[in-house]
Amino acid sequence: MQNHLDHALRCWFRLTYRYSVQVIILIIVLAGVSLAYTWNNLGMNTDTRDMLSPELRWRQLDLEYENLFPHTIDNLLIVIEAATPDQASDAAAELYRLLQQDKKHFKSVFSYGQLGFIRGSALLFLEPAELQDLADQLAANQAFLARLIADQNLRGLAGMLEEALEAVADGEDVDLEDILHRLTTALDANRNGQPYHLSWQKLLFDETEKSVYREFIVVQPLLDYTEMLPAAQLLDMIPRLANENGITDRYKIRLRFTDSVALSHEELESVMQTNTLAIIIAFVFVAVILTLGLGSGWLVLATLLTLVSGLILTAGFAALTVGELNLISVAFAVLYIGLGVDFAIHYCLKYREQLALEPSRSGALENTSTGIGSALIICAFTTAIGFYAFMPTDYDGVAELGWISGSGMFISLVITLTFMPALLRHLPVRPGQNRNGNGFIALLSNIPARHGLAIKWLAVVLTVFSLYLVKDLEFDSNTLNLQPPQNESVKTFKDLMQEPDAAPLTGKVIARDIDDAKHIKQSLEKLSLVDKVAWLHDFIPEDQEEKLLLIDEINLLLGAEFFSGTEVPVGTRTRLTALQQLLDKTRQYQELDV
């Protein structure tokens, strides 16, 4: 068997050597065709869901769910952050209207806070005690609010506060400390050129102070997954839209993004940047190591040309057999550079050794091809088997990586036994010094022979110690930790997880009917991993009769004119007069010490 293999290798070499120029031209032409074909046909599928086989039972259920509820996939969560709830809600409402008008980039635009049902029924979702407190506050301040509603400007605000100060002076129980403090802060900030927004929601509802207030808009964009970064244009467009319409500056908001679209986008950016950097670093380091190890610029040149040619042909093979790469299979290039170059390195070292023994270049090349060819064939098969072992999996991304990388080993083998000897025939490589017996390399190679017993015991100790450490090894099932923690979408996601009502880490369960839904809800609530369970009936307010009576009282108390006031523009002189009168009243209030 070995004789037949050696004979075949010798015949293959002689054919390659005889037609070396034609072989070089052929390989270059094939590489050029492969490069052009790869450029035009090798796509990039950035949809991470397609890396899983659709034949999986749970994946089939997942696809069925996506078909029934298409709005639940490929979503982008827009987080609007502001210093006050008023700014956040007003900015969200304005941005929501703009996004709804854009049918070119979005399938749907959704925001709970902008739903007519939610806006019209918001008071019904308050607890009865909260609604009663609101009614009491409005009743206590009805007279002052009526003044402001009738004259919605700075003059009306100043007049309302004057009446409130007069009421305090008359002995009425009116708490003005908070609003006067906020108003003073606003005026001081304005005088110093600093932004400040007086929040009426905070005044009315006496909310706990927060460092940031958030509103949310969920959009489902139209994405082209054949693009390298399908969401890049979208993530640039939304902030630009907010800036061009003055939303960002007017409400002093910060826009952030998370959810599947943003997370996938930044993951793709990281993968592409890392993969590109890895290819460059691997190629540079390989070139440096080749220069140090081979000791001949011509051998380095032949090796790098062989490596690049094989990489291009492997990419063409991927375009022909797979058609598109994903986040996993795109790593084949780095693997090829690291492993495919091994064949050329072995060939060059063997050729340098033969040059010292065989004065004829053709004889040295023939001895190299026949002497190392069978070993390279075995290496190609064993390495390919390791990669092909990835293929029997339902994780298509890993299977495709195994197919491309494993086949690339055979491409590297053929290129090494064909292109390499054809190149070396025309390169003036001279016999080099045998470095194996000199210097640092000789010292390293002699260590196992001189210190064999110590090495064995060290291996035993390290093995036992490693087994001891294995018990503390844990499996991290949180896929969010696979992404760089400095990514903005990851930081936004983790920030939202700190708020129970805004946590995006959720799961969905489909029930057959109402009874089944109740049973599932009760079962889930008992789980320690579940913080909160929401279902359809949570959108039906409880205690509606009691709440509706309170709302009717509020309507009766405030009157229809309360909701029909409009802002009346006033001049600068009027504003100054109103503020001066308010200042005089405030000084009287301070002198009374009430």
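E244 forms a salt bridge with R240, and their closest N and O atoms sit 3.9 Å apart. A salt bridge here is a side-chain nitrogen of Lys or Arg within 4 Å of a carboxyl oxygen of Asp or Glu. Both residues belong to helix α11 (residues 232–244), where they are four residues apart, about one turn of the helix. E244 is exposed at 59% relative accessible area, while R240 is partly exposed at 41%.

A quick word on what you're looking at. This is a predicted model, in which local features need pLDDT of at least 70 and side-chain atom pairs count only at pLDDT 80 or more, while totals for chains, interfaces and linings use all residues. Residues are numbered from 1 along each chain as its sequence is written, and side-chain values use heavy atoms, with hydrogens and water left out.

Side chains of opposite charge can pair when their charged atoms come close.

| Acidic residue | Basic residue | Closest N and O atoms |
| E244 | R240 | 3.9 Å |
| E488 | R256 | 2.9 Å |
| D516 | R512 | 4.0 Å |

Take the pair E488 and R256, with closest N and O atoms 2.9 Å apart. E488 lies in helix α20 (residues 488–497) and R256 in strand β5, so the pair ties together parts that are 232 residues apart in sequence. E488 is partly exposed, with 26% relative accessibility, whereas R256 is buried at 3%. These two also belong to a network of salt bridges that links E81, R214, R254, R256, E488, K491 and D495.

In the pair D516 and R512, the two partners contrast: D516 is buried, with a relative accessible area of 13%, but R512 is exposed at 75%.

**Patches on the surface**

Which residues gather in a patch of negative charge on the surface? They are E127, E130, D133, D136, D538, E542, D543 and E546. To join a patch, a residue needs over 30% relative accessible area and no salt bridge; like charges are joined within 9 Å, and nonpolar side chains (Val, Leu, Ile, Met, Phe, Trp, Tyr) within 5 Å. Lys and Arg count as positive and Asp and Glu as negative, with His and the chain ends not counted. Each charge is placed at NZ of Lys, CZ of Arg, CG of Asp or CD of Glu. Helix α6 (residues 128–140) gives the most to this negative patch, with three residues. E542 sits in the loop between α21 (514–525) and α22 (544–558), and E542 is exposed, with 60% relative accessible area.

There's a nonpolar patch on the surface too, made of L277, I280, I281, V284, F285, V288, I289 and L292, with about 780 Å² of accessible area together. Accessible areas come from the Shrake-Rupley method with a 1.4 Å probe, and for residues only the protein chains shown count as cover. One of the members, F285, is placed in helix α13 (residues 259–294) and is exposed at 53% relative accessible area.

**Positive phi values**

Most residues other than glycine have a negative phi. D74 has a positive phi, near 50 degrees, without being a glycine. You'll find D74 in the loop between α3 (57–68) and β2 (76–82), where D74 is buried at 15% relative accessible area. K252 isn't a glycine either, and its phi is positive at about 55 degrees. K252 lies in the loop between α12 (247–251) and β5 (254–258) and is partly exposed, with a relative accessible area of 48%.

**A buried threonine**

Is T314 buried or exposed? T314 is buried, with a relative accessible area of 1%. Leaving aside residues up to four places away in sequence, T314 touches F332, Y336, I404, G408 and I411; contact means heavy atoms within 4.5 Å.

**The whole chain**

The protein chain has 23 helices and six strands. Of its 594 residues, 39% are buried. Among contacts between residues at least 6 apart in sequence, 76% join residues at least 24 apart. The accessible surface of the chain comes to about 35200 Å², and 59% of that belongs to carbon and sulfur atoms.

Definitions and conventions: Helix = DSSP H or I, 4+ residues; strand = E, 2+ residues; numbered from the N terminus. Buried < 20%, exposed > 50% of the residue type's maximum accessible area, 1.4 Å probe, protein only.
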